[in-house]
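Here are my notes on the model you sent. They are set out as numbered points, to be read with the structure open.

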Amino acid sequence: MRIHLEPIGIIKKAGKYSEIMIYSDFEQVVKNVISKIGNEISGQKLLIVHKNRSSDEDGHQVQITKADLVERVGNILKIGKIDAADDSVIDVRLDTSETSKNI
């Protein structure tokens, strides 16, 4: 069975950070993530589901990467450096696992 997933954004390298640009049609994804975080953006963990363009495996595979959220400017999420460039973003979620919660 094949499922076609439409990308909601793209990952770009930006110096010592990576940036996720969410397409304007999917800005609600950013708003949902930020509404769950509140005012304390820095240090939050995100789970990013993306298609890895540089992978030698089957082109229908996705990768899930955990990253620190550094800053949000409009529909751009600045995150810690990850090993992904020009990858299509399928989903962005707040990491709610017990090990990543700040105490």
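1. Is Asp 86 buried, partly exposed or exposed? Asp 86 is partly exposed, because its relative accessibility is 34%, which falls between the cut-offs of under 20% for buried and over 50% for exposed. Please keep in mind throughout that this is a predicted model.

2. The overall layout comes next. The protein contains six strands and one helix.

3. Among contacts with a separation of 6 or more, 65% are between residues 24 or more positions apart. The exposed surface comes to about 6,900 Å², and 48% of that is supplied by carbon and sulfur atoms.

4. Two strand pairings deserve a look. Strand S2, residues 17-22, pairs with S5 in the antiparallel sense, over five bridges. In S5, Ile 76 is the residue opposite Met 21. S5 also pairs with S4, again in the antiparallel sense, and here there are four bridges. Leu 69 has Ile 79 of S5 opposite it. As background, side chains in a regular strand alternate between the two faces of the sheet.

5. Salt bridges: the search of the whole structure gives five. Take Lys 12 and Asp 86 as one of them, with 2.6 Å between the closest N and O atoms. This pair links distant parts of the chain, since Lys 12 is in strand S1 (residues 9-14) and Asp 86 is in the loop between strand S5 (76-80) and strand S6 (88-94), 74 residues apart. Lys 12 has a relative accessible area of 39%, so Lys 12 is partly exposed.

6. Another salt bridge joins the side chains of Asp 95 and Lys 66, at 3.1 Å from N to O. It too links distant parts of the chain: Lys 66 lies in strand S4 and Asp 95 in the segment after S6, 29 residues apart. What is the burial class of Asp 95? Asp 95 is buried, because its relative accessible area is 10%, below the cut-off of 20%. Lys 66, at 44%, is partly exposed.

7. Lys 78 and Glu 71 form a salt bridge as well, and their closest N and O atoms are 3.6 Å apart. Lys 78 has a relative accessible area of 22% and is therefore partly exposed. For Glu 71 the value is 35%, so Glu 71 is partly exposed.

8. Last, the nonpolar surface. Which residues make the nonpolar surface patch of about 300 Å²? They are Ile 3, Leu 5 and Val 62. Val 62 sits in the loop between strand S3 (45-51) and strand S4 (63-73). Its relative accessibility is 46%, so Val 62 counts as partly exposed. That value is over the 30% a residue needs to be part of a patch.

Definitions and conventions: Residues numbered from 1 in each chain as written. Predicted model: local features only at pLDDT ≥ 70, side-chain atom pairs only at ≥ 80, totals over all residues. Heavy atoms only, no water. Contact = heavy atoms within 4.5 Å. Areas by Shrake-Rupley, 256 points an atom, 1.4 Å probe, with all protein chains shown as cover. Patch = residues over 30% accessible without salt bridge, like charges linked within 9 Å, V, L, I, M, F, W, Y side chains within 5 Å. Salt bridge = Lys/Arg side-chain N within 4 Å of Asp/Glu carboxyl O. Buried < 20%, exposed > 50% of the residue type's maximum accessible area, 1.4 Å probe, protein only. Pairing = 2+ DSSP bridges.
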